[in-house]
Amino acid sequence: MVPCQAPSSPPLQRRTPTSSTSFIAILLTLLIFTATTPTPTNAQIPASRRRPAFAQYNNQLYVHGGILANGGGTGDLSALNLNSSWSTTNPAWTTLASGSWVWHHAMVPIKPEHSAGLGSASTKGFLLSVGGHPPPLNAFFSAYNIQTGSWANLTTPSPYTGLEGHTAVADPATGLVYVMGGFYNNNSPPNTKVGNLLTVFDPKTATVVSTTPATDANNMTGGSAVWSTRRKTVLLFEGSRAVNTGDVVGIVQTAVQEYDTTTGQWKTFETKGTFPPPRLDACAVEC
């Protein structure tokens with residue numbers, strides 16, 4: 001094959017630029033420079049915090065709430081575009097509408113086809129915030145409409161007096177949200193109670209469809225859970241033991257707990273290799 005070559009052109013003749021052509025050249029240079037210079041985004045980097053909730057949906061990472069460095073709370077919601085390339089010193093954050101001031105809560109994405117009970121229609125889906133501390137004054141569940149950029153509190157009755165330290169996942173096929181573990185303050189000694197239930201929430205109707213007692217193996221607080229697309233189950237990893245007699249206590253866990261949503265049964269998920277050291281309030285994602 002012969003490489004493609006551009007057709008030959010007659011040599012260019014040198015012309016003496018006039019004042020008008022010089023002005024046009026300078027203007028084009030300025031326009032090109034302005035169009036190719038990236039807009040700074042570091043002004044939108046969210047404030048440092050701990051115990052926020054996060055969710056990944058449609059190639060966006062969302063972070064909501066948390067405890068600020070000065071000890072106060074925040075309801076800030078920020079999004080990081082995972083489709084774009086950015087440096088660690090200048091990530092492409094976008095500041096969105098603030099929600100309730102809350103921390104130690106959970107947040108899950110809800111697809112449009114499963115979101116009929118969450119408010120006005122949204123072709124982009126919702127983010128569902130679940131529980132947290134301090135106990136939300138208006139609603140245990142609140143939803144962020146990604147299309148309209150607005151929050152709404154749900155009137156769904158709370159299954160708990162309050163709940164923090166829990167984790168939640170959504171089944172992408174059915175939309176059902178599974179809330180696991182956590183604890184709440186009942187304002188009387190010993191001040192801490194176990195959220196020893198597996199709560200199932202249906203965003204299509206904005207109702208709690210079931211609450212099931214947890215087992216001794218999965219009544220965790222500060223645990224990490226993911227939805228396994230391959231197994232179509234919930235995998236729960238580590239955390240602290242939540243006990244009815246007082247504050248949560250540490251536990252050495254050497255197994256992953258698996259919940260089968262079809263049978264409604266928990267079992268130990270068999271693993272190989274060296275089990276990681278015990279921890280709580282960790283992050284986990286499905287690969």
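Select His 166 and display its side chain, which reaches the backbone oxygen of Val 130 at 2.8 Å; a polar contact is a pair of N or O atoms within 3.5 Å, where within protein one must be able to donate a hydrogen and the other to accept it, and residues adjacent in sequence count only if both atoms are side-chain atoms. This is a predicted model, in which local features need pLDDT of at least 70 and side-chain atom pairs count only at pLDDT 80 or more, while totals for chains, interfaces and linings use all residues. Residues are numbered from 1 along each chain as its sequence is written, and side-chain values use heavy atoms, with hydrogens and water left out.

**Around His 166**

Helices (H or I, at least four residues) and strands (E, at least two) are DSSP runs, numbered from the N terminus. His 166 is buried, with a relative accessible area of 6%; buried means under 20% relative accessible area, exposed over 50%, and partly exposed in between (1.4 Å probe, protein chains only). Next, select the residues that His 166 touches, not counting residues up to four places away in sequence: His 104, His 105, Ala 106, Val 130, Gly 131, Gly 132, Val 179, Met 180, Gly 181 and Gly 182. Contact here means heavy atoms within 4.5 Å.

From that group, move to His 104, which lies in the loop between β6 (93–96) and β7. His 104 is not a glycine, yet has a positive phi of about 60 degrees. With 8% relative accessibility, His 104 counts as buried.

**Two backbone stops**

Select His 133 and Pro 134 together: the peptide bond from the former to the latter is cis, with omega near -5 degrees. Pro 134 is placed in the loop between β8 (126–130) and β9 (141–145).

Then go to Asn 58, in the loop between β2 and β3. Its phi is near 50 degrees, a positive value in a residue other than glycine. Asn 58 counts as exposed, at 54% relative accessibility.

**The largest pocket**

Rolling a probe the size of a water molecule over the atoms shows where empty space is left. The largest pocket holds about 1100 Å³ of space. To centre the view on this pocket, select Phe 54, Met 107, Ala 168, Ala 225 and Ala 284, the closest to its centre of the 42 residues that line it. A pocket is found on a 1 Å grid over the protein atoms alone, as an open set of points where a 1.4 Å probe fits, with protein on both sides within 12 Å along at least five of seven lines; lining residues have an atom within 4 Å of a point. Grid points are joined across faces, edges and corners, and a volume is the space filled by probe spheres set on the points.

Highlight β2 (53–57), β3 (60–64), β7 (106–110), β11 and β18 (224–228), each of which supplies at least two residues of the lining of the largest pocket. Colouring that lining by class gives 24 nonpolar, 13 polar and five charged residues. Ala, Val, Leu, Ile, Met, Phe, Trp, Tyr, Cys and Pro count as nonpolar, Asp, Glu, Lys and Arg as charged, and the others, Gly among them, as polar.

**The second largest pocket**

Which residues lie nearest the centre of the second largest pocket? They are Val 226, Leu 235, Val 256, Val 285 and Glu 286, from a lining of 14 residues. The elements giving two or more residues to this lining are β18 and β19 (233–237). β18 gives the most, with five residues. The space in the second largest pocket is about 240 Å³, and its lining divides into nine nonpolar, two polar and three charged residues.

Select Ser 78 in strand β5 (residues 77–81). Ser 78 counts as buried, at 3% relative accessibility. Leaving aside neighbours within four places in sequence, Ser 78 is in contact with Pro 46, Leu 61, Tyr 62, Val 63, Trp 93 and Thr 94.

Finish at Ile 45, in the loop between α1 (19–36) and β1 (49–50). Ile 45 counts as partly exposed, at 38% relative accessibility. Not counting residues up to four places away in sequence, Ile 45 touches Thr 89, Pro 91 and Trp 93.
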